[in-house]
Amino acid sequence: MSLLQSFNDGKKKLAVLIDPDNYDEFSLKNLLEKAVANKVSYLLVGGSLLYKNQFHTTVEFLKENSTIPVIIFPGNSFQVSEKADGILFLSLVSGRNPAYLIGEQVIAAPAVQQANIEVIPTAYILIEGGKISATSYITQTIPIPAQKSEIAATTALAASFLGMKVVYLEAGSGAETPVNSKVITAVKKTVNLPLIVGGGITNVNAVSLAFNAGADMVVIGNVLEANPKILDEIGLFFNS
Ligand code: 1GP
């Protein structure tokens, strides 16, 4: 089964986002053990801006030490690895910066083809999350206002007409406010595509809200860097 087919199987998914810069071998091993124990669906790897040279070793470590599919969540065209299972081939459709709509994708395309990994065309939609996110700053794009659910839904609809297969609603890593239920529900009602939601989700309540509003996959990243035990609480809820 392809990753995209698994996205479409109708079951709720829990994904853990790993920023390679923020883990050493010990903490990565610890997180991976928790991810396996809590039956995490996917491991996403990537970051808006990587300072250390740990992207490839991180993907390799995850692949060698578990069977959880590893999906690249690229911050730019450098983040491609043949060891991963697939890549969310993102286009930042909420923004109007051509570099992140198509430019980085052109630069990355030959490496992605050579890597021979599954490519998942993904509409990446940035929603305002209470503070300026790294994604917003690095991409020099303005997020969609948090209460403007109709703009988010229409953006997702246009992306679906352009042939994108997955929608990712992003409040930004470490967001103060996750994507709200109204936006999630509006997008889910408008497009019949797997819906990923992430950014600022730090507890069971927020995971539950996102799933109930219509998210098919919830992504948790930042909070686990400081407090990996949260994954046990969220995992308990997710698997119940
Ligand atoms: C960020 O959606 C992901 O790109 C996850 O966000 O790091 O805030 O969990 P957090």
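This is a predicted model: local features need pLDDT of at least 70, side-chain atom pairs count only at pLDDT 80 or more; totals for chains, interfaces and linings use all residues.
Trainee: Which side chains place a polar atom by an oxygen atom of the ligand, and at what distance?

Mentor: A polar side-chain atom of Y168 lies 2.8 Å from a ligand oxygen, and a polar side-chain atom of E170 lies 2.5 Å from a ligand oxygen.

Trainee: Where does the ligand sit?

Mentor: The ligand sits in the largest pocket. The test behind that wording is that more than half of the atoms of a molecule lie within 2 Å of the grid points of the pocket.

Trainee: Why is the pair D9 and K13 called a salt bridge?

Mentor: The side chains of D9 and K13 meet with an N to O distance of 2.6 Å. A salt bridge asks for a Lys or Arg side-chain nitrogen within 4 Å of an Asp or Glu carboxyl oxygen, so this pair meets the rule. By this rule the count comes to 6 salt bridges.

Trainee: Are D9 and K13 buried, exposed or partly exposed, and what makes them so?

Mentor: K13 has 7% relative accessibility and therefore counts as buried, the cut-off being under 20%. D9, at 33% relative accessibility, counts as partly exposed, because that class runs between the 20% limit for buried and the 50% limit for exposed.

Trainee: What makes E33 and K29 a salt bridge, and where do they lie?

Mentor: The closest N and O atoms of E33 and K29 are 3.3 Å apart, which is within 4 Å, so the pair is a salt bridge. Both residues lie in helix α2, which covers residues 25-37, and they are 4 residues apart, about one turn of the helix. E33 is partly exposed at 47% relative accessibility, and K29 is partly exposed at 45%.

Trainee: Why can the salt bridge between K34 and D232 be said to tie together separate parts of the chain?

Mentor: The closest N and O atoms of K34 and D232 are 2.9 Å apart. K34 lies in helix α2 and D232 in helix α10, residues 230-238, so the pair ties together parts that are 198 residues apart in sequence. K34 counts as buried, because its relative accessibility of 17% is under the 20% limit, whereas D232, with a relative accessible area of 31%, is partly exposed.

Trainee: What makes the phi angles of K39 and N116 worth a remark?

Mentor: Most residues other than glycine have a negative phi. K39 has a positive phi of about 50° although it is not a glycine, and N116, also a residue other than glycine, has a positive phi near 55°.

Trainee: Where are K39 and N116 placed, and how do you know whether they are buried or exposed?

Mentor: K39 is in the loop between α2 and β2, and its relative accessible area of 59% is over 50%, so K39 is exposed. N116 is in the loop between α4 and β5, and its relative accessible area of 68% is likewise over 50%, so N116 is exposed.

How values were computed:
Residues are numbered from 1 along each chain as its sequence is written. Side-chain values use heavy atoms; hydrogens and water are left out. Buried means under 20% relative accessible area, exposed over 50%, partly exposed in between (1.4 Å probe, protein chains only). Helices (H or I, at least four residues) and strands (E, at least two) are DSSP runs, numbered from the N terminus. A polar contact is a pair of N or O atoms within 3.5 Å; within protein, one must be able to donate a hydrogen and the other to accept it, and residues adjacent in sequence count only if both atoms are side-chain atoms. On a 1 Å grid over the protein atoms alone, a cavity is a set of points where a 1.4 Å probe fits but cannot get out, and a pocket is an open set with protein on both sides within 12 Å along at least five of seven lines; lining residues have an atom within 4 Å of a point.
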